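Here is a short report on ring pairs and sheet layout. Please look over the sequence and the 3D view before reading on.

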Amino acid sequence: MMFEGFLFVIHLFLHTYCQLQVVAQCFINLLRWWRVNKWNADIFLNQTKNLGKIPGHVSLMFLEEDTPVEDIVKPIVWCICLGVTTISLYDYYGRLRSKKLDIDKELREYYSDFTKNCKNSPKNQPSPKIQFVSVENGRTDLVYAARDIAQDLLNGVVKEVTKVNYQNYHKVFRNDHPDLMMKFGIHTTLAGYPPWPVHLTEIISLPTCHMISPYNFLDCLNRYFKIEKRVGK
């Protein structure tokens with residue numbers, strides 16, 4: 001009984017600590033809001049001109065419930081301005097996919113406002129690929145891939161398991177794995193995210209996406225570029 005009580009106290013302490021992180025981040029975002037409220041694409045791109053090679057594929061993972069659509073589209077627009085070619089939006093239950101029309105509408109409005117009257121407007125850039133991902137593209141997709149490989153082995157399409165091109169069996173991610181994942185939420189988990197595309201992905205966490213500002217986004221990028229890439233080592 002004492003041990004259970006001790007575990008309860010630890011759980012309560014950690015939960016309270018995580019919630020305080022979210023509150024603190026929202027408060028910081030609120031204090032910064034007045035400074036970045038007038039930011040546009042020119043100011044934003046000027047802050048990023050000395051960064052390294054921009055990641056080609058950025059995955060945005062939303063672990064919070066009821067994140068406002070206007071906060072969801074902000075990092076998407078900032079990715080577009082930087083020239084990111086693929087943007088993956090992940091939530092566990094696939095609720096973002098059901099909000100696609102609302103996201104598209106808010107995305108167009110915020111993008112138009114953010115790039116209005118800008119000299120360095122990215123409007124001539126190719127439109128990025130935006131895809132919605134949920135847990136169905138994780139474990140379930142892995143089961144389907146294993147089934148398809150087994151079927152191809154039985155049918156003689158594949159001669160040996162060692163010669164299987166596993167990329168051909170991925171439903172969402174082919175050869176386009178995320179370079180950077182921004183995870184919004186207090187939980188330290190991949191929450192069912194497809195495991196095979198992220199084996200070389202740099203994952204950076206933020207306590208919340210509520211009232212997110214360009215400062216938060218730029219901080220993630222700076223942390224990403226400071227990480228030593230060990231691909232092939």
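The report covers the basis of the model, its aromatic pairs and its sheet.

## Basis

This is a predicted model, in which local features need pLDDT of at least 70, side-chain atom pairs count only at pLDDT 80 or more, and totals for chains, interfaces and linings use all residues. Residues are numbered from 1 along each chain as its sequence is written, and side-chain values use heavy atoms, with hydrogens and water left out.

## Aromatic pairs

The structure holds nine aromatic pairs. Rings of Phe, Tyr and Trp (its six-membered ring) pair if their centres lie within 6.5 Å; planes under 30 degrees apart count as stacked, over 60 as edge-to-face and the rest as tilted.

Phe-44 and Phe-217 have ring centres 6.0 Å apart and planes at 45 degrees, so this pair is tilted. Phe-44 lies in helix H2 (residues 41-48) and Phe-217 in helix H7 (residues 214-226), so the pair ties together parts 173 residues apart in sequence. Helices (H or I, at least four residues) and strands (E, at least two) are DSSP runs, numbered from the N terminus.

## Sheet

Five strands form an open sheet in the order S3-S2-S1-S4-S5, with parallel pairing. Strands pair if DSSP finds at least two bridges between them. Strands S3 (129-133) and S5 (202-206) are the edges, each pairing on one side only. Five bridges join S4 to S5.
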